[in-house]
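Try each one before reading its solution.

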Amino acid sequence: MPQEANQETSTVDYTKLFDEALALQQQQSWDPALSAYQTLLNQHLNQQPNELSVFRASVVYHNMSTIAQQKGDLLKAYVWSKKSLTLNPDNQLAREAFEHYSKNFEVPVIPHQITNFDNFKSLISKGSPDAWLTLSFVLILTSIWLVLKNIIASKKKQLANDFSIVPKWPAYLLVSVTLLMLAITYIRYQDSTVLRGIIIASSAQIQTAPGENKSVIFEAQSGLELEVLKLSEGYYQVRYPGAFTGWVSNSQLEILGLNFGQNE
């Protein structure tokens with residue numbers, strides 16, 4: 001009973017805070033609304049991340065991106081809409097907003113070595129992990145059916161004293177394709193779990209180590225998306241595949257997720 005009471009209070013608190021922030025947004029009080037949304041995120045959603053809080057956070061970040069657009073801050077509108085979509089890929093409003101902002105925001109691109117494996121991951125990323133999993137499941141069932149069909153056909157021939165060979169190559173081929181599909185699904189799921197962040201400073205220094213006065217290896221421009229490896233001393237270790245790995249101040253990077261590094 002006490003746990004249920006806490007959950008009910010938490011829901012009420014969230015609703016109250018969200019309604020206050022939304023009211024400020026509707027009054028076009030942009031900065032107070034952003035402050036209210038940020039307070040909501042800090043005080044409520046980030047305490048115990050779960051499926052429900054992720055969906056709520058997606059809504060909050062979408063609203064924040066709308067405010068950023070109203071203020072003419074295309075960078076934050078782009079970043080927050082992408083964060084909203086990353087948290088909840090089924091958020092259709094966030095998807096439409098991100099597609100709109102993407103047309104007007106030029107994402108920085110830096111020279112890097114693209115391996116065949118990177119090209120392969122880029123190709124399979126066009127399909128969602130769930131889509132690859134569904135296709136793999138269908139192939140598994142089809143493979144089982146074909147193998148059983150071949151076994152039954154062989155048994156029938158033996159009973160009928162028919163010693164002709166049942167072609168097995170279709171089953172072998174389908175099993176091979178199924179194994180390949182399972183490998184692709186695994187790679188796609190692994191790639192989808194990689195935490196990413198976006199540079200939000202006009203220019204961020206990528207350093208060789210965390211801390212002040214460290215050697216700079218790259219000047220990253222706003223909007224550059226990086227893989228995030230870990231957090232240490234207020235700095236994120238980041239990587240741009242095929243180009244560099246270094247450290248950047250956490251104040252200059254927006255994480256496309258919730259609660260990363262709180263235990264550091």
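**Exercise 1.** Which helices and strands each supply at least two residues of the lining of the largest pocket?

*Solution.* First, the ground rules: this is a predicted model, where local features need pLDDT of at least 70 and side-chain atom pairs 80 or more, while totals for chains, interfaces and linings use all residues. Residues are numbered from 1 along each chain, and side-chain values use heavy atoms, without hydrogens and water.

Now the elements: α4 (74-87), α5 (92-104), α6 (116-124), α7 (129-159), α8 (169-192) and β4 (225-232). Helices are DSSP runs of H or I with at least four residues, strands are E runs with at least two, numbered from the N terminus. The largest share, five residues, comes from α4.

**Exercise 2.** Find the residues that lie nearest the centre of the largest pocket.

*Solution.* Look for Arg188, Asp191, Ser192, Arg196 and Glu225, among 38 lining residues. By class, that lining has 19 nonpolar, nine polar and ten charged residues.

**Exercise 3.** Work out how α7 and α8 run relative to each other.

*Solution.* Start with the angle: the two pack at about 160°, axes 9 Å apart. α7 and α8 are therefore roughly antiparallel, a label for angles over 145 degrees. Their contact has 17 nonpolar, seven polar and two charged residues.

**Exercise 4.** Find the partner of Asp31 in a salt bridge (Lys or Arg side-chain nitrogen within 4 Å of an Asp or Glu carboxyl oxygen).

*Solution.* Pick Lys71, at 2.5 Å, N to O. Asp31 sits in helix α2 (residues 30-45) and Lys71 in the loop between α3 (51-70) and α4, 40 residues apart. The structure holds seven salt bridges.

Technical notes:
On a 1 Å grid over the protein atoms alone, a cavity is a set of points where a 1.4 Å probe fits but cannot get out, and a pocket is an open set with protein on both sides within 12 Å along at least five of seven lines; lining residues have an atom within 4 Å of a point. Ala, Val, Leu, Ile, Met, Phe, Trp, Tyr, Cys and Pro count as nonpolar, Asp, Glu, Lys and Arg as charged, and the others, Gly among them, as polar. Axes are lines fitted to C-alpha atoms, for helices over the stretch in contact, and angles run from 0 to 180 degrees between N-to-C directions. Angles under 35 degrees count as roughly parallel, over 145 as roughly antiparallel, 65 to 115 as roughly perpendicular and the rest as oblique.
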